[in-house]
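Subject: Structure for you to look at

Hi,

Here is the structure I promised to send over. Have a look when you get a moment, and then read on for my notes.

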Amino acid sequence: MDTVAEGLWGLADYHEQNGEIPKSIKCLEAISQSPVSFLPIIEVKTRLRIASLLLRHTHNVNHAKSHLERSQLLLKSIPSCFELKCRAYSLLSQCYHLVGAIPSQKQVLNKALELTRSLGDGFAAKLWYCNFTSQLATALIIEGDYQNSLISLTQGYNAAAEICYLELQMYFATSILHVHVIQWDDVNLVEQSLRKCDEVWESFPMNKREQCPGLLFYYELLHVFYRFRICDYKNVAQHIDKLDAAMKTDMQRTQRVQELTSEINALTQTISQSNVSYRDSSALTEKRAQLQQQLRSLTTSSSCPGNYTDSADLGFVRNPCADKLELAPYPINGEWLPKSAVYALVDLTIVIFGRPKGLFKECGKRIQSGIQAIQVELSKLGITEGVREVDLQHSAIWMAGVYLMLLMQFLENKVAVDLTRAEFVEAQEALVQMRNWYIRFPTILQACESIIEMLRGQYAHSAGCFSEAAFHFLEAAKLTESKSIQAMCQVYAAVSYICAGDAESSSRSSHLLSTQALDLIGPVFRVMDSFIGVREKTTVLFGYGLLLMRQQNLQDARIRLATGLQLTHSTLGNLQLVSQYLTVLGSLALALYDTAQAREILRSALTLAKKLNDVPTQIWVLSVLTALYKELGERGNEMENSDYHRKKEDDLQKRLGNAYASIHHIELISKDKIQVQQLQDSDNKRAMESSSMKVNLDIPESVGLAATMHQVSSSRLLDLDSGRRGKRKI
């Protein structure tokens, strides 16, 4: 019967290599369902292999779980077989993770850890110990137990260091950094873990780094997250460049792998033909061997030191996968995110870095390519038109959440770019898409509700509907637990009140609106130094300076605005916010009769606004310049500037007219919340368990702030850390 089993295993290999997974599983089930008994170890190997195929290629988690549970029963009667027992524990842990049974997963992992400890300090025992501590850390993160998760990851790091395994050390070092970035209780701990990652990565030989693309992406993305969080935009550029270069290199490698695979398959088909001569067949076989060697060199990642091999091989070769960015080799060999999601994330970081600098052409290309790639992946998960949250299989919920959150962040940035460029109709369409996705997936995308409300406020403010804008900003603040977003929304609402006061003819109404603005800005101003980075500080200084100016407290306004401008220019590099600061400071200089400085400042503001194609800010600057030329008696400049101002004003009114005529305008600015269909308790629970809103990994960026008749840009990034499909979970 051993020979029969080996034959069926070989046939299953053949079908798997040809992508015929159902046929491969049928071959294996011929053993597991046979009326004739096989040796227990043969049945265990077969069932483990079936479970592995099901988890890798299907959503049939329960079927895989039943095979694994049967394997565990059989393994109880076998005294040795350490590798098989570990593999059964590892796969069963993945099953429980995918169905959201975290307590059961933790129970299985604790038993597995006991097994590895009982075998002492052997190399294989340490490898499996690292695997199980990694999975346990993820389970603990899902439960919000960050402290014990860090303890597990530290234990894994120490075990990897004991066997001098650099790749595993880096794997755990980056995972520890990731948890600290998620939790962010102490900036010193974050910086300490970042330095540890740098130290381990620098110890890698250069050729070893090239063999670990998954670790490279993970390490550099975490650097980017950290730099964005502390608003270190100068030092983030080098990491974004490395990511972009690595992505292009990996795409070329993947393309070459596909080409080699096609060539090898074509040669195999030719060799199998009966009319090929022996001489030709030998030559083709030799050429195929050479191509296969090239393929192995391209797809082989880091290898185990000590030439470790699995003593309980399941009867099939583990082919390295070019479609994955693995973080560590077997038995961990999991990925942080699917390659397509990592690519999208790299594009998104480029958008977030480039948008405040006005690099809209490159941002547009990245947004478009990112959205297209995500839509392809969503369709693979069965998310097509009309599919809603309740229709998803449980095992697909987390991965769907990752791609949906990425999609929402691309759309959010598109709205911001469109509003900056006064493309109001395009901004409407992107915002309506966000709203529709949220309505279809309200639990998975619950974290986006606040962002959608904030964007509705920005759209309303851009359209001159200041009362409606303030309403949506305040609603957005109520819908989030993020202190940063709450502070930003309060400042945005305050600016809307200030602009509404300017539009009021009644001095009493204007005073009331200014009081409301002060009530919102004051509390944020008092705690502005408590935030990480300077995003909130630069925003509140702008809003507070604008309010002081409206109250005719010009000297204090000048001090606040000058401080904010310096911070914005030196740290954030947000051209829109800089141009708005300059415009207000130019107005102040004119009010203080410093016409020389006013002229210089306003010209700089106009140059930046033109670079951004920010029509409302251009109009704002031009109106102040016209007043300046009138004050100086420069009639020619005044007339020329006034004509240009009129053309821009006509252009803006035409754009606004198109926006007002759209069927979406009223529904976006109306003072009501988005209505969603409430899930049943069971559906809500399963979506909550796997949704991407678990962890508040908010990556701040520079944010432009609105003033009269010009728009806001805003963005929030990356909430991708609740759990991980497969073995890699952190």
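Below is what I found, going from the whole chain down to single residues.

Please keep in mind that this is a predicted model. The protein chain comes out with 30 helices and zero strands. Of its 730 residues, 59% are buried. Taking the contacts with a separation of 6 or more, 72% join residues 24 or more positions apart.

The core

In the largest nonpolar core there are 236 residues, and the members touching the most others are Leu168, Trp437 and Leu445. The top contributor to this core is helix H17 (residues 394–420), which puts in 17 residues. There is also a second, separate core of six residues, with Val257, Leu260, Leu291 and Leu295 among them. As background, nonpolar side chains in soluble globular proteins tend to be buried together.

Which residues does Trp437 contact, once its neighbours within four places in sequence are set aside? They are Leu378, Ile383, Leu404, Leu407, Met408, Leu411 and Leu445.

Helix H24 covers residues 554–572, so to speak a 19-residue run. From first C-alpha to last, H24 reaches 25 Å, close to the 27 Å expected at 1.5 Å a residue. Its buried residues are Leu554, Ala557, Leu561, Gly564, Leu565, Leu567, Thr568 and Leu572. Looking down the axis of H24, these fall within an arc of 170°, so they line one face of the helix. Ile559 and Gln566 are exposed and sit on the face turned away from that buried side. Helix H13 (233–271), helix H23 (535–550) and helix H25 (575–591) are among the elements covering the buried residues of H24. Just after H24 comes Gly573, with a positive phi of about 70°.

Buried in H2 are Ile21, Ser24, Ile25, Cys27, Leu28, Glu29, Ile31 and Ser32. The buried residues of H2 pack against helix H1 (2–17), helix H3 (40–57) and helix H4 (61–75).

A few single residues

Arg456 is the one I would open next. A polar atom of the Arg456 side chain lies 2.8 Å from the backbone oxygen of Leu668. Leaving out neighbours within four places in sequence, Arg456 is in contact with Leu431, His472, Glu667, Leu668, Ser670, Asp672, Lys673 and Ile674.

Ser104, in helix H6 (residues 102–118), counts as partly exposed because its relative accessibility is 27%. Between Ser104 and Leu92 there are 9.5 Å from C-alpha to C-alpha, with the two 12 residues apart in sequence.

Finally, the cysteines. How many disulfides does the structure hold? The number is zero. Cys164 is exposed, with a relative accessible area of 64%, while Cys448 counts as buried at 4% relative accessibility.

Let me know what you make of it.

Cheers

Technical notes: Residues numbered from 1 in each chain as written. Predicted model: local features only at pLDDT ≥ 70, side-chain atom pairs only at ≥ 80, totals over all residues. Heavy atoms only, no water. Core = buried A, V, L, I, M, F, W, Y, C linked by side-chain atoms within 4.5 Å. Buried < 20%, exposed > 50% of the residue type's maximum accessible area, 1.4 Å probe, protein only. Helix = DSSP H or I, 4+ residues; strand = E, 2+ residues; numbered from the N terminus. Contact = heavy atoms within 4.5 Å. Polar contact = N/O pair within 3.5 Å; in protein donor to acceptor, adjacent residues only side chain to side chain. Disulfide = S-S within 2.5 Å. Expected span 1.5 Å × (residues − 1). Arc of directions from axis to C-beta.
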